[in-house]
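Here are a few notes to read alongside the model. Have the sequence open next to the structure as you go.

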Amino acid sequence: MSSAAGYITDVSYLPGFYPHLAPVVLRYVAALNRLTPPPATGFRYLELGCGLGRTLTTLAAAEPQGEFIGVDVNQQHTAVAERDIAAGGLTNARVVTADFGALPDDLGSFSFITLHGVYSWVSDDVRARIHGLLERHLAPGGLVLVSYNAMPGWAHLQPIRGILRQYAALRQGDSLQRIRDAIAYLVFIRDKQARYFVDNPRAAAYVDAIRSLDARYLAHEYLNDHWTSFYFADVAATMRRSGLDYVGSLPVHTNFWDLCVLPEFQELFRTSSDRLVAEAHKDFCANTAFRFDVYGRRPAPLPTVEDRLAAADDLCYGLSRPDVSLPHVGNLGIVTSTTQGPLYESLVAFLRGGSRRLSAIVAAEPFAALDRVAVTRAVDVGVATGLFEVTNHPLPVTVPAPDGGVRVVHPFNRTMLASDILSGRPVALASELTGSGTLLADLDAAIVHELVSGDRAGAVERVDARLAAVGRGIERDKKPVTDPAERRALLAEAVAAVEQRIVPNLLRGGILVPR
Ligand SMILES: C[S@@+](CC[C@H](N)C(=O)[O-])C[C@H]1O[C@@H](n2cnc3c(N)ncnc32)[C@H](O)[C@@H]1O
């Protein structure tokens with residue numbers, strides 16, 4: 001089992017696209033929290049621990065105005081990112097294969113630095129090097145996105161990590177083999193009613209959750225020498241020592257305490273004036289296990305709506321889907337929110353005409369006579385609950401279905417559709433209009449690939465052949481379908497569903513265009 005500063009390197013990680021790392025999202029979190037975001041164009045973006053680079057490359061394709069640099073110590077990872085950069089024609093992205101402690105000093109400064117899946121899994125020394133990089137390379141007004149395993153939500157899972165690592169260390173083979181053996185052992189002791197699992201039923205249930213996860217993920221999560229779950233307050237204090245202040249969190253609803261904690265606790269938050277203390281209490285009330293936090297280097301405050309309009313009015317707000325309706329119910333984990341009422345009726349009706357900037361919304365006839373703070377808050381709560389979405393450019397609500405088929409515009413998206421077909425992992429396609437990526441299930445992506453690269457008539461047969469080539473079955477009501485005619489009928493339904501639900505969304509985002 002080989003490692004870099006205690007981090008495993010003998011097994012490649014999974015390709016994954018994480019939308020929380022998108023500049024458009026980070027800029028919105030700053031604006032939402034009344035802080036000035038970095039500029040939308042001409043920025044530089046650094047991802048520390050970029051893995052196979054799917055987030056980096058998707059964002060580079062979605063933001064051609066930005067320059068994207070990824071860093072990772074694992075050469076197998078950066079080789080995949082380099083291949084995608086070349087095949088996707090991304091002239092604004094590159095990766096550096098290096099330890100965080102060995103980066104060239106002339107890297108320059110960045111408006112965005114992100115690290116996802118890194119901070120909890122490295123040693124104190126490596127974390128100190130990361131802080132050195134943040135201190136040296138984050139531009140004034142720049143934003144950092146850091147994710148980590150959080151307390152108290154991880155408390156009952158800590159012993160699982162301990163036993164997995166200890167058992168894996170006794171086994172032979174590479175990290176994949178060791179983690180598989182360790183998971184089998186974990187299932188065994190849980191099923192035999194080891195007292196820890198009897199006393200901690202949530203930990204017992206978690207064993208079922210992790211046994212279904214990809215062994216590559218589990219090896220990277222549990223087999224590193226270092227693994228820490230942090231209290232928010234400790235991370236905030238360490239960031240402060242690096243000159244960084246807490247800006248807000250993701251997903252967006254976590255910026256609203258009333259969308260994170262149950263009503264019985266809300267009075268506590270209403271009377272708390274210290275945001276850092278409130279965050280710590282929120283984690284306890286919500287039993288937070290993972291955090292995505294945004295920090296900034298002295299971002300300028302935006303005390304009024306007018307200030308926000310002056311500094312961040314390039315973001316566009318629109319309906320998250322053409323078929324949204326009120327009341328809108330959002331399942332936000334602890335809280336289930338219901339969005340309704342006359343203000344939302346007017347907002348939804350207005351945005352049916354397409355997405356708009358905040359200045360256009362507050363100035364429009366139905367809203368101009370209302371309190372701007374209330375309208376802005378309603379828009380933000382709508383984003384938090386999934387009713388609205390934030391994008392870089394205006395998006396139409398619907399695009400007419402083309403008669404003669406569709407094609408993919410960006411070479412990066414063509415590359416993504418054509419590589420890793422039916423790999424079992426979602427496929428991300430980049431949209432310059434949204435400034436982010438759209439995730440498709442692998443079967444849906446394979447169908448889109450067939451629709452854009454061949455005749456519509458033969459799409460079902462070609463998808464069927466691809467499934468057969470990777471040995472993948474189809475199920476109806478959780479039972480395998482073996483009859484070839486029934487299998488084709490099910491695939492025909494899947495192709496029709498992609499044409500009705502997914503193709504229109506990809507046309508809307510400019511990912512597909514009529515042929
Ligand atoms: C869990 S993976 C996350 C990858 C990617 N951010 C994602 O979420 O898909 C952590 C990554 O950090 C890299 N890494 C760990 N320690 C490092 C170090 N000291 N210097 C550079 N990269 C490191 C690993 O090689 C790995 O690719």
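1. Helices (H or I, at least four residues) and strands (E, at least two) are DSSP runs numbered from the N terminus. With that in hand, α1 is mostly covered, with 10 of its 10 residues buried. Among them are Pro-23, Arg-27, Tyr-28 and Leu-32. After α1 comes Arg-34, which has a positive phi, near 60°.

2. A word on where this comes from. The model is predicted, so local features need pLDDT of at least 70 and side-chain atom pairs count only at pLDDT 80 or more, while totals for chains, interfaces and linings use all residues. Residues are numbered from 1 along each chain as its sequence is written, and side-chain values use heavy atoms, with hydrogens and water left out.

3. Now the rings. Rings of Phe, Tyr and Trp (its six-membered ring) pair if their centres lie within 6.5 Å; planes under 30 degrees apart are stacked, over 60 edge-to-face, and the rest tilted. Searching the whole structure turns up 17 aromatic pairs. Take Phe-43 and Phe-68: their ring centres are 5.8 Å apart and the planes sit at 80°, so this pair is edge-to-face. Phe-43 is in the loop between α1 (23-32) and β3 (44-48), and Phe-68 is in strand β4 (residues 67-72), so the pair ties together parts 25 residues apart in sequence. Both Phe-43 and Phe-68 are buried.

4. Another edge-to-face pair is Tyr-148 with Phe-230, at 6.0 Å centre to centre and 85° between the planes. Tyr-148 belongs to strand β7 (residues 138-149) and Phe-230 to the loop between α9 (215-222) and α10 (232-241), so parts 82 residues apart in sequence are tied together. Tyr-148 and Phe-230 are both buried.

5. What surrounds the ligand? Counting residues with a heavy atom within 4 Å of it, there are 19, and the closest are Gly-49, Asp-72, His-77, Asp-99 and His-116. A polar side-chain atom of Asp-72 is 2.6 Å from a ligand oxygen atom, and an N or O atom in the side chain of His-77 is 2.9 Å from an oxygen atom of the ligand. A polar backbone atom of Phe-100 lies 3.1 Å from a ligand nitrogen atom.

Technical notes:
Buried means under 20% relative accessible area, exposed over 50%, partly exposed in between (1.4 Å probe, protein chains only). A polar contact is a pair of N or O atoms within 3.5 Å; within protein, one must be able to donate a hydrogen and the other to accept it, and residues adjacent in sequence count only if both atoms are side-chain atoms.
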